[in-house]
Every structure is written in C-alpha cells, then in structure tokens.
Amino acid sequence: MDPVIGVRVVVQSYLRGNFIAMKDGEASLAEIMEDAFVFDYVADDIPGQIHTLNQETGDYWIAMPLDPADALERCDDCQELYAVPSIYWDGLEHFACRICRRKEETQIYQKASGARSIKL
Ligand SMILES: [Zn+2]
C-alpha cells in the first residue's frame, strides 16, 4: 500500500518568532520550534487558521513545513509508512495503522466476548 502523504507544518509568528503550541488541549505559545505543535496543513486547514490568527492578533503567522522524512510514521505491526493523521499511537510508543488497529480491536472484542461466554 502506498503511504498517504500529509504535509506537516508548524505555525510561527513572523514578527515575534514564537510558535503555536498546545498544552492540555489549549493553544499556547512556544519560544522554540521543538515545543511547537505539529499541524497537518490540509486536515487542520492551516491557511484558514492563519487568516483568522492574522486578523485576531495583528501579527503575521506563517506555516513552516517540516522535513518530509519526518512526515511519516511506520506502523509497528505491518511496517508500512503512513501520514501521522492516518496512524494511531497508543501512548506507549506503539504505532498502528487503521487496518492493524481495526484487527487489534476485533481481537480484543473477540477475547472479551470469549471471556464473557466462559463466565456464563
Ligand atoms: Zn499496520
């Protein structure tokens, strides 16, 4: 399967140099790029968000693309490359594509169903 390419960007203030970050689900500012939130240029409608930011802040915000090599993650199960929005991270350093995740969820459901039937 061909990887689905997502354009990953960070959003930076042209005047002040700081970056849009996210902390506890809330937008904030970061001084260094390493702390910036990584957006999907298309899925997150960055042109539209920059337009709104420019109007609301009076600043000029720009999208800075990240290296395409950093735009993909490998599924730990099938080893295929996928764009970050298309891959699931379990919070424990395990990446799974949607297909593998669906298989895992099915297995978990079957185990849970099996366990339930044993109890009956
Ligand atoms: Zn996979």
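Me: Where is D45 placed in this chain?
Reply: Happy to start there. In this predicted model, D45 sits in the loop between β4 (39-40) and α1 (46-57).

Me: Is D45 buried, exposed or partly exposed?
Reply: For this, count the C-beta neighbours. D45 counts as partly exposed because 13 of them lie inside 10 Å, and the partly exposed class lies between 12 or fewer (exposed) and 20 or more (buried).

Me: Which residue in the turn between β2 and β3 has a positive phi?
Reply: That is D24, at about 55°, and D24 is not a glycine either. The residue belongs to the loop between β2 and β3.

Me: Is D24 buried or exposed?
Reply: D24 is exposed, because 5 other C-beta atoms lie within 10 Å.

Me: How many bridges join β2 to β3?
Reply: To read a strand pair, look at direction and bridges together. Strands β2 (residues 19-23) and β3 (residues 26-30) run antiparallel and are joined by five bridges. Across the pair, I20 faces L29 in β3. The two strands form a hairpin, with two residues between them.

Me: What pattern does the chain follow along the sequence?
Reply: Now for the whole chain: the order is β-β-β-β-α-β-β-β-β-β-α, giving nine strands and two helices. Of the 120 residues, 15% are buried. Among contacts between residues at least 6 apart in sequence, 47% join residues at least 24 apart.

Methods: Residues numbered from 1 in each chain as written. Predicted model: local features only at pLDDT ≥ 70, side-chain atom pairs only at ≥ 80, totals over all residues. Pairing = 2+ DSSP bridges. Helix = DSSP H or I, 4+ residues; strand = E, 2+ residues; numbered from the N terminus. Contact = placed C-beta atoms within 7 Å.
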